[in-house]
Amino acid sequence: MTEHMQQFVRLPQQPPQKRGVAERREDFGEIYREFDQAGASAQASRCSQCGIPFCQIHCPLGNNIPDWLKLSAEGRLEEAYEISAATNTFPEICGRICPQDRLCEGNCVIEKGFESVTIGAVERFITDTAFEQGWVRPIRPRRERAQSIGIIGAGPAGLAAAEALRRQGYQVHVYDRHDRMGGLLIYGIPGFKLEKPIVERRRLWLEDGGIRFHLNQDIGGTLSFEALRGRHDAVLIATGVYKAREIAAPGSGLRGIVPALDYLIASNRKGLGDDVPDYDSGLLNAAGKRVVVIGGGDTAMDCVRTAIRQDAASVTCLYRRDRANMPGSMREVANAIDEGIEFTWLAAPEAFLGDDHVTGVRAVRMHLGLADASGRQIVEPVAGSSFTVEADLVIKALGFDPEDLPGAFNEPGLALTRWGTLKVGSKDFMTALPGVFAAGDIVRGASLVVWAIKDGRDAAAAMHQYLEQSASFATAAE
């Protein structure tokens with residue numbers, strides 16, 4: 001233990017300052033200001049260096065959080081970066097978008113009267129500083145391997161696997177259907193949580209390390225899955241899940257009812273300077289409209305906060321449970337409330353009103369009943385409690401399901417689970433097709449970016465083992 005630590009008894013928790021509400025509602029810039037070195041070191045020094053670090057245990061990546069907090073408190077930021085980057089492919093991204101209040105910070109053992117260490121903000125500061133100081137060095141494998149790997153999907157899981165495999169010296173090619181790499185990092189998450197130059201900075205770093213990106217690739221269409229397999233010694237499928245869950249209610253087909261991801265992609269593309277006809281036409285633009293967002297997760301929070309920045313006339317979030325049971329980050333809910341979003345908890349849609357275009361949502365009050373087998377309270381409608389919320393734009397943010405990949409890739413050999421995700425070996429990440437692996441949300445189901453990074457890294461390790469064994473067998477056969 002050093003004199004630098006355990007300062008939680010003296011120093012209060014002090015997250016980075018937020019920009020004022022009126023200011024941040026006017027643009028899509030990140031709402032949190034940067035720590036300076038003194039502030040980051042002071043907040044890192046609040047860590048108690050406990051014997052059993054629950055922050056690390058509850059991090060999907062097992063990040064060595066107490067170690068890099070201690071190094072940060074001592075001003076040894078380059079070493080702190082090396083420790084942070086050893087377990088996390090994108091610490092500067094996780095520091096911005098992870099729901100720390102449900103993971104590391106939410107499990108900090110410091111007594112709640114003193115409040116947890118601001119782990120995410122320090123993590124972000126360390127890596128941003130590392131980039132500024134030139135400490136983030138390009139990938140330079142110790143040896144180059146002739147074996148080639150194709151990765152389908154340039155989102156967090158695919159990129160994490162690409163980085164790990166490139167470090168082993170493989171020739172890594174990443175294919176994506178979009179015209180930019182990043183997946184949901186670039187198109188799904190608004191700039192007020194993750195500014196796009198942060199993602200672009202990582203792209204340049206990955207390319208500098210020898211990873212090749214093939215964009216605008218329609219796998220199963222212009223490029224067959226079979227042909228892709230023929231190009232590479234192994235393939236990883238990391239497409240994520242993008243199919244919006246539907247609402248089984250009368251009027252759900254009315255114009256003006258749109259999926260959350262379509263809405264967010266349009267907004268992000270507009271911010272990137274793209275031509276977006278559906279945004280310009282008003283179909284995917286909240287300007288001047290009464291907006292209702294249905295859902296309570298992080299995607300719903302992204303939608304309501306985007307709508308308020310597009311100058312919506314009003315923004316209402318309908319969620320069938322109460323605030324304590326919202327699945328999204330409590331920090332994001334608090335930010336949305338600060339920005340003027342109206343929340344109607346314990347309410348669910350039962351019909352959409354309008355002749356051709358939606359004019360309102362008829363909702364019903366809900367009651368939380370007894371817990372079911374999962375331990376979560378059952379949601380029950382309250383008889384005779386219907387009410388109407390006027391709406392010109394309704395955004396469905398109810399989660400995502402996997403697309404039909406065997407159909408899209410014209411590859412019936414890809415086995416599925418009963419949830420429609422790809423079925424893989426529990427330890428080797430391999431699908432039913434030899435040499436074809438899968439990782440991320442397409443295996444796990446819709447989840448957090450940090451879990452996708454972990455799955456990508458673990459799948460890369462399994463692929464490396466498979467290719468090493470394949471090379472050994474080939475050598476033995478000769």
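Biologist: Which residues does Y263 touch, not counting residues up to four places away in sequence?

Modeller: This is a predicted model, and contacts are read from its atoms. Y263 touches V258, L284, A286, C303, T306, A307, Q310, L393 and I395, with residues up to four places away in sequence left out.

Biologist: Where is Y263 placed, and is Y263 buried or exposed?

Modeller: Y263 sits in helix α12. Its relative accessible area is 0%, and a residue counts as buried when that value is under 20%. Y263 is therefore buried.

Biologist: How far apart are Y263 and L284, in sequence and in space?

Modeller: Sequence and space have to be read separately. Along the chain, Y263 and L284 are 21 residues apart. From C-alpha to C-alpha, the distance between Y263 and L284 is 5.3 Å.

Biologist: Which backbone atom lies 3.3 Å from a polar atom of the Y263 side chain?

Modeller: That atom is the backbone nitrogen of A307. A307 is also one of the residues that Y263 touches.

Biologist: Let us take another helix. Where does Q43 lie, and what does Q43 touch?

Modeller: Q43 is part of helix α2, which covers residues 37-44. Leaving out residues up to four places away in sequence, Q43 touches P12, Q13, Q14, F35, V117, T118 and V122. With a relative accessible area of 5%, Q43 is buried.

Biologist: Now charged side chains. How many salt bridges does the count come to?

Modeller: A pair is counted when a side-chain nitrogen of Lys or Arg is within 4 Å of a carboxyl oxygen of Asp or Glu. By this rule the count comes to 43 salt bridges.

Biologist: What is the distance between the closest N and O atoms of D27 and R19?

Modeller: In the salt bridge between D27 and R19, the closest N and O atoms are 2.7 Å apart. D27 is partly exposed, at a relative accessible area of 29%, whereas R19 is buried at 9%.

Biologist: Where in the chain are D128 and R124, which also form a salt bridge?

Modeller: Both belong to helix α7, residues 119-133. D128 and R124 are separated by about one helical turn, because they are 4 residues apart in that helix. Their closest N and O atoms are 3.9 Å apart. D128 is buried, with a relative accessible area of 4%, and R124 is buried as well, with 9%.

Biologist: Which residues are linked with D128 and R124 in a network of salt bridges?

Modeller: The network links E30, E34, R96 and R201 with R124 and D128.

Biologist: What parts does the salt bridge between D179 and R269 tie together?

Modeller: The side chains of D179 and R269 meet in a salt bridge, 3.2 Å from N to O. D179 lies in the loop between β2 (171-175) and α9 (184-187), and R269 lies in helix α12 (residues 260-271), so the pair ties together parts that are 90 residues apart in sequence. D179 counts as partly exposed, at 33% relative accessibility. R269, at 18%, counts as buried.

Biologist: Last, the surface. Which residues form a nonpolar patch there?

Modeller: I52, F54, I57 and V109 form a nonpolar patch on the surface. Together, these four have about 360 Å² of accessible area.

Biologist: Where is I52 found, and is I52 buried or exposed?

Modeller: I52 is found in the loop between α2 and α3 (54-57). A residue counts as exposed when its relative accessible area is over 50%. I52 has 53%, so I52 is exposed.

Definitions and conventions: Residues numbered from 1 in each chain as written. Predicted model: local features only at pLDDT ≥ 70, side-chain atom pairs only at ≥ 80, totals over all residues. Heavy atoms only, no water. Buried < 20%, exposed > 50% of the residue type's maximum accessible area, 1.4 Å probe, protein only. Helix = DSSP H or I, 4+ residues; strand = E, 2+ residues; numbered from the N terminus. Contact = heavy atoms within 4.5 Å. Polar contact = N/O pair within 3.5 Å; in protein donor to acceptor, adjacent residues only side chain to side chain. Patch = residues over 30% accessible without salt bridge, like charges linked within 9 Å, V, L, I, M, F, W, Y side chains within 5 Å. Areas by Shrake-Rupley, 256 points an atom, 1.4 Å probe, with all protein chains shown as cover.
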